[in-house]
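Me: I am new to this structure and would like to learn how to read it. Could we go through it together, one feature at a time?

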Amino acid sequence: MDELGARAAALVARYPRHARLRRVGTSRAGSPLLLLSVGHGSRQVLVVGGPHANEPVGGATTLRLAERAVADPRLTEGADATWNLLLCVDPDGLRRNEGWLTGPYTLGRYARNFFRPGFLEQPEWLPDGPDRATLPETRTLLALQDELRPFLQCSLHGVDVGGGFVELTHELPGLAQRISHTAARLGIPRELGAYDTLYWPDLGPAVYRIPPPRRGDLTAAITEAAVDSTWCHPRRHGTVTAVVEAPMWGVAAVADDSPPVDRDGVLRTVSRTLRHDTRRLRRVLARLRPHLAAVPEAAHLLAPVDDYLLVCPRLADEWDPDTDDRTDRSLPPMNTSHLVALRLAGRRLSLRTAGLLHQLVTRTGGDPAGVLAELDRLVDEGCADYRDGCGAHWIPVGRQVEYQTRVVLAAFELAGRRAAAGARSGEPGRGSEAAVPMHRD
């Protein structure tokens with residue numbers, strides 16, 4: 001986290017006429033929320049790094065984008081644009097992942113040092129609407145959106161295991177083709193049936209339309225992003241939001257759009273495995289909880305554990321073809337990539353929970369509940385399934401960053417065309433009609 005701020009300050013020192021750095025807010029633990037801006041155009045771009053604590057690639061991408069914008073005047077003066085790069089919107093959460101961020105990058109090390117706050121502590125969500133946002137990080141992001149009124153907002157996310165994809169609030173024709181080209185050049189699998197977007201409209205391969213928010217219970221919100229969010233808040237300003245997902249460990253099969261051989265059989269296996277792991281994790285938590293009263297930071301680790309154990313049974317019922325999940329909603333048509341994504345998602349939930357519980361045990365200074373061996377088995381089983389069963393392979397950080405950078409630049413070009421076309425047709429718009437440059441390999 002400190003390195004991000006230091007590198008941004010160094011860039012400003014090298015290019016004081018083009019770049020500036022300001023503190024726009026303060027996190028719950030007192031860390032600065034830093035905005036790096038490049039260019040002096042009237043048309044604003046907002047890029048949000050670190051929206052999820054376990055997804056660090058966005059911070060590196062903000063710096064790469066700043067370097068590109070400084071080096072290429074077509075991205076600033078030529079497009080009458082200013083790039084506003086929020087280095088990390090959840091610095092407190094990012095610090096809690098530092099146990100794996102320095103490497104070596106193995107699935108086991110990641111799982112045992114993973115942290116992501118509970119749903120209600122994630123800065124991008126607005127479960128009670130923007131007027132009742134309580135997190136200072138969220139209020140800072142909302143204020144930036146209303147101050148800048150950007151024509152494009154990019155939220156930089158990272159898939160731990162799977163493939164790359166993009167979620168959009170507005171269609172950007174041509175983006176799917178750009179993603180396909182970039183992914184092929186960089187060896188990044190495209191996720192053609194992403195778990196997060198199971199019920200969302202497709203806008204092209206690996207591109208999905210974010211539906212309007214709706215009210216729902218907490219489990220629906222966690223599993224479907226069904227509540228209001230800072231992705232949708234700036235729609236009032238005509239903003240296009242792109243959520244750009246880049247994988248840390250790639251799985252080739254998420255790009256397999258062939259018809260499944262045995263859809264129901266796979267779904268039964270995924271559901272049965274998730275239920276089995278959930279029962280094991282609940283037993284571990286019941287034994288461990290009485291020993292946590294004196295553990296520092298226990299509440300921060302327990303909040304996501306409780307969230308995951310709340311949603312796991314619902315998801316197992318939703319995916320099981322033999323179970324009525326009482327939602328009056330059937331599963332959509334599925335290809336092989338959808339089934340692979342659900343298998344990865346089920347493992348992800350149990351592996352994250354096991355990793356958080358593992359940290360709680362180690363913070364007791366021993367193993368007072370006698371559960372560490374079981375947690376190690378759960379972590380090792382999940383990692384083996386990812387590595388040996390799904391073929392998960394580490395994607396070097398430089399390639400993750402370059403992929404995300406190219407996708408953002410493609411969205412910048414296409415959203416710029418969209419904004420200019422809207423202004424020419426008399427629709428609400430901002431800024432000039434300056435051409436936005438093409439960025440190809």
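Reply: Let us begin with strands: two strands pair if DSSP finds at least two bridges between them. Strands (E, at least two residues) and helices (H or I, at least four) are DSSP runs, numbered from the N terminus. This is a predicted model, in which local features need pLDDT of at least 70 and side-chain atom pairs count only at pLDDT 80 or more, while totals for chains, interfaces and linings use all residues. Residues are numbered from 1 along each chain as its sequence is written, and side-chain values use heavy atoms, with hydrogens and water left out.

Me: How many bridges join β2 to strand β4?

Reply: There are 4, and β2 and β4 (residues 81-86) run antiparallel. Leu36 stands opposite Leu85 in β4.

Me: What joins β2 to β1?

Reply: Strand β1 (residues 19-26) is linked to β2 by 7 bridges, and these two run antiparallel. Arg23 has Leu34 in β2 as its bridge partner. β1 and β2 form a hairpin with 5 residues between them, and Gly30 in the turn has a positive phi of about 95 degrees.

Me: Is β2 (residues 32-38) largely enclosed or exposed?

Reply: Buried means under 20% relative accessible area, exposed over 50%, and partly exposed in between (1.4 Å probe, protein chains only). In β2, 6 of the 7 residues are buried, so the strand is largely enclosed by the rest of the structure.

Me: How are two packed helices described?

Reply: They are described by the angle between their axes and the distance between the axes. Axes are lines fitted to C-alpha atoms, for helices over the stretch in contact, and angles run from 0 to 180 degrees between N-to-C directions. Here, helix α11 (residues 336-363) packs with α12 at about 150 degrees, with their axes 9 Å apart.

Me: Which residues of α11 meet α12?

Reply: Contact means heavy atoms within 4.5 Å. Among those in α11 are Leu351, Ala354 and Gly355, and the α12 side includes Val379.

Me: Where does Val379 lie, and is Val379 buried or exposed?

Reply: Val379 belongs to helix α12 (residues 372-389). Val379 is buried, with a relative accessible area of 0%. Leaving aside neighbours within four places in sequence, Val379 is in contact with Ala111, Arg112, Leu351, Ala354 and Gly355. Although Val379 and Ala111 are 268 residues apart along the chain, their C-alpha atoms are separated by 7.0 Å.
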